[in-house]
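Q: Could you walk me through this one, feature by feature? I'd like the general idea each time, and then the case at hand.

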Amino acid sequence: MSKQAYKFRLYPTRKQAQALTWTLDRCRELYNAALQERRDAYRMAGKSITYYDQANQLPEIKDIREEYNDIHSQVLQDVLRRVKKAFDNFFRRCKNGEEPGYPRFQGKNRYDSFCYPQGGYSLTYDHRVCLSKVGCIKVKLHRQLKGTIKTCTIKREGDAWYVVFACEVEHEPLQENAEAVGIDLGLLHFATLSDGSTIENPRYYRKAEQRLERLQQALSRKKRGSHRRKKAVKQVAKSHRKVSNQRRDFLHKQSRNLVNSYGTIVFEELQPANMSKRPKPKQDEKGTYLPNGAAAKGGLNKSIVDAGWSQFVQFCAYKAANAGRTVVQVNPKYTSQICSGCGTVKKKELSERWHSCDCGTQLDRDHNAAINILRLGRSLQETRS
Ligand SMILES: [Zn+2]
């Protein structure tokens, strides 16, 4: 069995949207109150309050605040479980000697979902999600749902509402396949395969990026706190959402293709450190900050690309696991420098797009890297088996 999440857009009526917002607000209120109780107990008495302590208070809360009767009780329990999780993470990091932030109160824009962990929801044949105490909301089921639904989460993203079903799916192994492929993920091509073929970034990426850039510039010209600024923020968020939905769709299709075609897929380990690290701030003798290229390096394109890569590997990995196929990740060191023909290390600048070696090997830089990645993956598999 493996887990899989399905996310669908909801189309609530105005009244239903109000009910969803109202529920979300009550959940956030409960979350913050439960957090406050734990903080107080911990600070004043050094006492820790458990999930059960808090869950046992729910009936009492419902007596005092009758409106909480209008929310499914498991949804409320789930809120308290989130508080518990936040504290568990906090204590775990403390124990590991890290410097964790204390669990935070959730603002209106941060707290964006509530969850039916067991029951209280159903999916009807006429494409509606029926939520206990909310109603039956129209849903767009753009993909076929497989497996058994375990939990149902309602999520707000900007003005849009989504439902996420977490499902348990039985493995559907594909036929055995001895073919292996190495994949170099890059900026120029989305992916270069060890057979020399490439997967290109879809053209709408660039278009969407340009649109986002324009919107962001427009936003930066608006006065803080103004109505126009609020409107611009919404537009930027909407545009972001569109890009990320398109990206997810693209990644699903491409990962499905790869898993269907190859028995083994080899990637480089992605290094979050290089991926999204911003350059250190630079200061002159007087302590004034100097330009450090952060804006260029940390730009929007980059964040889109970064997120795309790790999501892609993740999609391939779970689809492969489901199909009885393998995803291997190898150390990325020197994969673009080593000659795939003779094995000598040949330093290249990032701008050098062609690999040309004295041994006669001539090929595209990324293609060379993909072949090296495949070779590393194979040797890693041999040592494991
Ligand atoms: Zn060579």
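Q: Which residues does Leu-174 touch, not counting residues up to four places away in sequence?
A: Contact means heavy atoms within 4.5 Å. On that basis Leu-174 touches Val-259, Asn-260, Ala-323 and Arg-325. Bear in mind that this is a predicted model, where local features need pLDDT of at least 70 and side-chain atom pairs count only at pLDDT 80 or more, while totals for chains, interfaces and linings use all residues. Residues are numbered from 1 along each chain as its sequence is written, and side-chain values use heavy atoms, with hydrogens and water left out.

Q: Where does Leu-174 lie, and is Leu-174 buried or partly exposed?
A: Helices (H or I, at least four residues) and strands (E, at least two) are DSSP runs, numbered from the N terminus. Leu-174 lies in the loop between β7 (160-169) and β8 (180-185). For accessibility, buried means under 20% relative accessible area, exposed over 50%, and partly exposed in between, with a 1.4 Å probe and protein chains only. Leu-174 has 35% relative accessibility, so it counts as partly exposed. As for distance, its C-alpha is separated by 32 Å from that of Asp-126, 48 residues away along the chain.

Q: How do I read the zinc site, and which residues are the protein donors of the zinc ion?
A: Donors are N, O and S atoms within 2.8 Å of the metal (3.2 Å for Na, K and Ca); water is not among the atoms, so sites may look incomplete. Here the SG atoms of Cys-339, Cys-342, Cys-357 and Cys-359 lie 2.3 Å from the zinc ion. Along the chain, these donors follow the spacing C-x2-C-x14-C-x1-C. Cys-339 is in the loop between β14 (326-330) and β15 (354-356), and Cys-359 in the loop between β15 and β16 (362-364), so the pair ties together parts that are 20 residues apart in sequence.

Q: What is the geometry of the site of the zinc ion?
A: Ideal angles for four tetrahedral donors are 109.5 degrees. Four donors count as tetrahedral if all angles lie between 85 and 135 degrees. The zinc site has angles of 107 to 111 degrees among its four donor atoms, and is tetrahedral.

Q: Why does Cys-339 count as buried, and why does Cys-359 count as partly exposed?
A: Cys-339 counts as buried because its relative accessibility is 1%. Cys-359 is at 41%, so it counts as partly exposed.

Q: What about backbone angles: what is phi of His-127 near?
A: Most residues other than glycine have a negative phi. Phi of His-127 is near 60 degrees, a positive value in a residue other than glycine. His-127 sits in the loop between β3 (121-123) and β4 (128-131), and is partly exposed at 39% relative accessible area. Lys-133 also has a positive phi, near 70 degrees, and is placed in the loop between β4 and β5 (135-140).

Q: Which residues is His-72 in contact with, leaving aside its neighbours within four places in sequence?
A: Lys-133 turns up again: His-72 is in contact with Tyr-116, Gly-119, Gly-120, Ser-132 and Lys-133. His-72 is found in the loop between α3 (58-64) and α4 (73-95), and counts as buried at 16% relative accessibility.

Q: And zooming out, how many helices and strands does the chain have?
A: The chain has 10 helices and 16 strands. Buried residues make up 40% of its 385 residues.

Technical notes: Four donors count as tetrahedral if all angles lie between 85 and 135 degrees; four count as square planar and six as octahedral if opposite donors are over 155 degrees apart and all others between 65 and 115; anything else is irregular.
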